[in-house]
Amino acid sequence: VSELVEYVADRWDDILVYLGEHVLMSVVPIVLALCFALPLGWWAARRPALTSFLLSMGGVAYSIPSIALFLLLPLVFGYQITSYMNIIVALTIYSTALLIRNVIDGLESVPEDVRLSATALGYGRLSRLLGVELPVSVPVIAAGLRVVTVTNVSMVSVGALIGLGGLGQLFMEGLQIDYMAPIIVGLVLSVVLALSLDGLIVLTQRWLTPWVSVRESR
Amino acid sequence: MSNSILAQFLAYVGDPETWTRQGGLLSRIGEHCIYTVLALGLAAVIALPVGLWIGHTNRGSFLALNIANGARALPTLGVLIFVALATTIGLGPTMVALVILGIPPILASTYAGIRNVDPDAVDAAIGMGMTGREVLWRVEVPIALPLVFSGLRAATLQIVSTATIAAVVALGGLGRPLLDGIAVRDYPQAMVAALLVAALAIAFDLFFAVLTRVAVSPGVGGRTVTRPQR
């Protein structure tokens with residue numbers, strides 16, 4: 001344990017940089033994926049053919065291992081393998097693939113009578129989406145967001161194999177010098193980061209859907 | 001892709017030696033499949049019974065689910081290197097890491113599948129005089145099968161991709177040419193290996209898609225949890 005404390009004190013600055021990179025490379029894709037998945041999911045909801053097409057595309061994308069994607073994407077998009085963009089684009093693809101399903105499920109879970117009531121109250125298509133359908137689907141979308149967030153945080157580390165990877169670099173460092181301390185620091189920080197971001201989503205969800213707890217306690 | 005890289009790529013793929021020599025791509029594909037099947041088998045042997053038992057009795061579910069969810073937050077690369085350094089480098093420790101990563105998805109979906117069985121169906125089965133064991137095997141398991149398979153699918157994907165990374169701790173499989181290619185900047189070799197890993201993952205996924213279609217009773221609905229009808 002004292003070795004661990006010494007290591008952390010010694011490498012504090014580097015660790016902070018890795019942590020910062022890790023946050024950047026895991027959070028940016030989540031935000032981007034939400035920007036893609038919301039309109040795509042809205043477009044596909046209640047269109048079974050389009051839904052099954054998007055979901056099977058997503059399934060294929062999601063089944064490609066991350067290290068393979070990190071190597072193949074630069075060919076398609078023409079950036080350097082070792083650029084941050086590489087990780088961010090790859091994780092955005094995974095996150096979008098996962099989130100679309102939840103957006104579609106969420107929007108389709110809005111009861112028909114709620115949609116009809118909103119229409120009767122004078123909501124247009126867009127205002128009904130923003131004012132009624134999206135808020136009602138927040139719990140389902142947030143559930144997907146939580147899975148995506150936790151998965152992303154653990155996947156960023158794989159980027160260490162191509163010289164990126166935030167906290168993942170601590171793992172490679174530990175492997176190279178056969179030393180446990182950096183690995184333990186990396187594992188702990190990575191799990192703490194994942195759980196904190198997860199908690200943040202849960203809090204945001206509670207704040208956005210105050211009616212859920214009311215209904216459950218009734 | 002510049003022309004010279006494309007030319008190198010084609011030359012690499014076109015050379016029969018690339019595939020058939022000792023440690024060539026064909027044997028790497030074989031190794032990768034063996035690691036995957038072995039790790040998946042071990043993970044399933046551990047996670048399926050536990051998931052069924054927890055789902056059936058609803059005992060220990062809180063603990064099991066939290067462990068399963070927490071495990072998702074563990075970075076696979078870190079677990080792999082941790083296990084390798086804590087023990088020795090080689091097949092055994094790597095298998096331990098792969099199995100650890102394969103258990104949570106199988107456990108969580110098996111549990112969820114059993115828990116999501118309509119209680120009316122279970123009551124009806126009990127009413128017909130079935131014993132606990134019969135209820136589990138003849139009612140709960142068949143109804144839970146789509147979710148059980150989706151857990152196995154998720155575990156397989158996790159294992160296929162982590163088996164690639166396992167080459168950092170001196171293992172064969174498709175990660176070998178992939179990481180060696182990165183290390184010596186032989187990108188055509190790394191990319192061919194990456195394409196093969198992706199193809200292998202998709203092939204495993206398709207296998208499970210077909211298996212699900214064949215094995216699940218036509219009376220059991222969609223592959224996801226069905227919402228109660230209003």
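This is a predicted model: local features need pLDDT of at least 70, side-chain atom pairs count only at pLDDT 80 or more; totals for chains, interfaces and linings use all residues.
The side chain of A:Asn86 reaches the backbone oxygen of A:Ile81 at 2.8 Å. Residues are numbered from 1 along each chain as its sequence is written, chains are lettered from A and ligands numbered from 1 in the order in which they are written, and side-chain values use heavy atoms, leaving out hydrogens and water.

Where does A:Asn86 sit? Its place is in helix H5 (residues 84–108) of chain A; helices are DSSP runs (H or I, at least four residues), numbered from the N terminus. A:Asn86 is buried, at 0% relative accessibility. Beyond residues up to four places away in sequence, A:Asn86 touches several others, including A:Leu69, A:Phe70 and A:Ile162; contact here means heavy atoms within 4.5 Å.

Now for the rings. The whole structure holds four aromatic pairs over all chains. Rings of Phe, Tyr and Trp (its six-membered ring) pair if their centres lie within 6.5 Å; planes under 30 degrees apart count as stacked, over 60 as edge-to-face and the rest as tilted. A:Tyr7 and A:Tyr179 make an edge-to-face pair, 6.0 Å centre to centre with 65° between the planes. This pair links distant parts of the chain, 172 residues apart. B:Phe207 and B:Phe208 are also edge-to-face, because their planes stand at 75°, with centres 5.5 Å apart.

| Residue | Relative accessible area | Class |
|---|---|---|
| A:Tyr7 | 8% | buried |
| A:Tyr179 | 25% | partly exposed |
| B:Phe207 | 47% | partly exposed |
| B:Phe208 | 6% | buried |

Finally, the two chains meet: 36 residues of chain B are in contact with 41 residues of chain A. The buried area (accessible area, 1.4 Å probe, lost on being put together, summed over both) is about 3100 Å², and carbon and sulfur atoms give 83% of it. H10(B) gives the most to the side of chain B that touches chain A, with ten residues.

Terms used
Buried area is the accessible area (1.4 Å probe) that two parts lose on being put together, summed over both. Helices (H or I, at least four residues) and strands (E, at least two) are DSSP runs, numbered from the N terminus. Buried means under 20% relative accessible area, exposed over 50%, partly exposed in between (1.4 Å probe, protein chains only). A polar contact is a pair of N or O atoms within 3.5 Å; within protein, one must be able to donate a hydrogen and the other to accept it, and residues adjacent in sequence count only if both atoms are side-chain atoms.
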